[in-house]
Amino acid sequence: EQAAEIRVRLADGRTELEAEAVGADPHTDIAVLKVAATNLPAIVIADSGQLEVGDLVLALGNPFGVGQTVTMGIVSAVGRGELGLTDYEDFIQTDAPINVGNSGGALVDARGRLVGINTAIVSGGGGSVGIGFAVPINMARHVMERLLTEGRIRRGYLGIYLRPLTPDVGQTLKLPDGAGALVGGVASGTPAEAAGLREGDVIVEFNGRKVEDGRHLRLMASQTAPGTPVDLKVWREGRTRTVSLVLAELPSPESESRATGVTRAVGLLDGVELVPLDEQIRQERQIPDYIRGVLVRTVPEGSALAEGGCVRG
């Protein structure tokens with residue numbers, strides 16, 4: 001982000017290549033780069049949806065700048081979320097050592113097929129302790145294809161605010177299996193309002209696919225094109241009913257800023273853009289209700305806030 005120049009060094013020892021950023025999606029931490037070169041090898045892309053816990057994986061990267069390195073481990077978990085790393089999380093967790101410098105490297109299966117993009121580690125001291133995360137290649141490929149064909153990511157939007165569905169709440173609502181996404185509110189002028197969804201509904205299916213929780217529903221909606229008709233199976237007052245609607249487009253940060261009244265601070269915060277924490281932003285970024293403050297939209301390079309360590313988001 002905000003790089004003035006991007007260079008790519010290949011593993012075969014070629015001269016560094018200048019790269020062009022074709023597009024980027026901060027919501028998933030994925031960018032697409034293009035280099036002017038010929039005879040580049042291409043990796044085989046696998047279906048990351050077929051990964052299972054225990055599968056052998058290898059992580060490629062350049063940890064600490066020592067040169068290309070390969071480490072081995074297994075898939076520790078799939079579908080990891082609620083980590084606060086990105087807005088849309090569906091991580092592959094692995095114990096293959098991932099250290100500083102591995103981010104952006106390939107996570108491959110035992111046959112050398114690409115299954116993920118190494119992203120982050122959980123560590124108290126900054127080194128690998130066997131808890132690493134990778135963006136599934138199915139998600140990264142979806143982002144790549146949209147950036148290449150449309151130049152931006154258009155995500156489906158229901159227009160609901162979600163609340164945690166705890167076991168106690170599930171029992172109170174007499175949910176058959178306790179899974180689903182609990183509607184905490186409905187935004188005005190949205191597909192959800194037009195379809196009659198209301199607070200307290202539990203969405204248990206999205207176009208015939210079971211909804212595990214709120215994060216899972218957000219992922220499915222975000223990966224469905226705006227304008228797509230969808231059927232939701234909703235648990236309400238002890239029985240299920242089907243609700244049909246057409247997805248809208250998730251508002252962009254720019255339009256969201258206009259709608260919520262973005263503020264440009266002055267003085268110590270000169271040039272910094274601040275946005276109030278409305279319900280939509282809280283939902284998109286999973287910010288609890290008890291957190292008070294404003295969202296930092298931009299931090300100019302060289303500003304007092306930037307030098308103090310404050311970053312966008």
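Predicted model: local features only at pLDDT ≥ 70, side-chain atom pairs only at ≥ 80, totals over all residues.
Two strands pair if DSSP finds at least two bridges between them.

## The three-stranded sheet

Strands β1, β2 and β3 form an open sheet in the order β1-β2-β3, with antiparallel pairing. β1 and β3 stand at the edges with a single partner strand each, so one side of each has no neighbour in the sheet.

β1 covers residues 7-8 and β2 covers residues 17-25; two bridges join them. Arg7 has Glu18 as its bridge partner in β2. Val8 stands opposite Leu17. The hairpin of β2 and β3 has four residues between the strands, and Asp29 takes a positive phi near 65° in it. Helix α1 lies across β2 and β3, at about 55° to β3.

In soluble globular proteins, nonpolar side chains tend to be buried together. Here the largest nonpolar core holds 21 residues, and Ile30, Ile117, Val135 and Ala140 have the most contacts inside it. Two or more residues come from each of β3, β7 (106-109), β8 (114-121), β9 (132-136) and α1 (137-150). α1 gives the most, with five residues.

Which residues does Ile30 contact, leaving aside neighbours within four places in sequence? They are Ala24, Asp25, Ile117, Val135, Ala140 and Val143. A second, separate core has 19 residues, including Val183, Phe206, Met220 and Val230.

Helix α4 spans residues 214-222; eight of its nine residues are buried, so the rest of the structure largely encloses the helix. Among the buried ones are Gly214, Leu217, Met220 and Ser222. Arg215 and Arg218 are buried too. At the start of α4, a side-chain oxygen of Asp213 reaches to within 3.3 Å of the backbone nitrogen of Arg215.

Ser48 sits in the loop between β3 and β4 (56-61). Its relative accessibility is 8%; buried means under 20%, so Ser48 counts as buried. Beyond residues up to four places away in sequence, Ser48 touches Val115, Pro136, Ile137 and Asn138.

## Salt bridges

The count comes to 15 salt bridges. One joins the side chains of Glu18 and Arg7, at 3.8 Å from N to O. Glu18 lies in β2 and Arg7 in β1, so this pair ties together parts eleven residues apart in sequence. Glu18 is exposed at 56% relative accessible area. Arg7 is partly exposed at 39%.

Arg155 and Asp25 meet in another salt bridge, at 2.6 Å from N to O. Arg155 is in the loop between α1 and β10 (156-157) and Asp25 is in β2, so the pair links parts 130 residues apart in sequence.

Glu237 lies in the loop between β15 (229-236) and β16 (239-246) and Arg198 in the loop between α3 (191-195) and β13 (202-206), so parts 39 residues apart in sequence are tied together. Glu237 counts as exposed at 65% relative accessibility. Arg198 is partly exposed, at 39% relative accessible area. Shared partners also join Glu5, Arg7, Arg9, Glu16 and Glu18 into one salt-bridge network.

How values were computed. Residues numbered from 1 in each chain as written. Heavy atoms only, no water. Buried < 20%, exposed > 50% of the residue type's maximum accessible area, 1.4 Å probe, protein only. Polar contact = N/O pair within 3.5 Å; in protein donor to acceptor, adjacent residues only side chain to side chain. Core = buried A, V, L, I, M, F, W, Y, C linked by side-chain atoms within 4.5 Å. Contact = heavy atoms within 4.5 Å. Axes fitted to C-alpha atoms, helices over the stretch in contact; angles between N-to-C directions. Salt bridge = Lys/Arg side-chain N within 4 Å of Asp/Glu carboxyl O.
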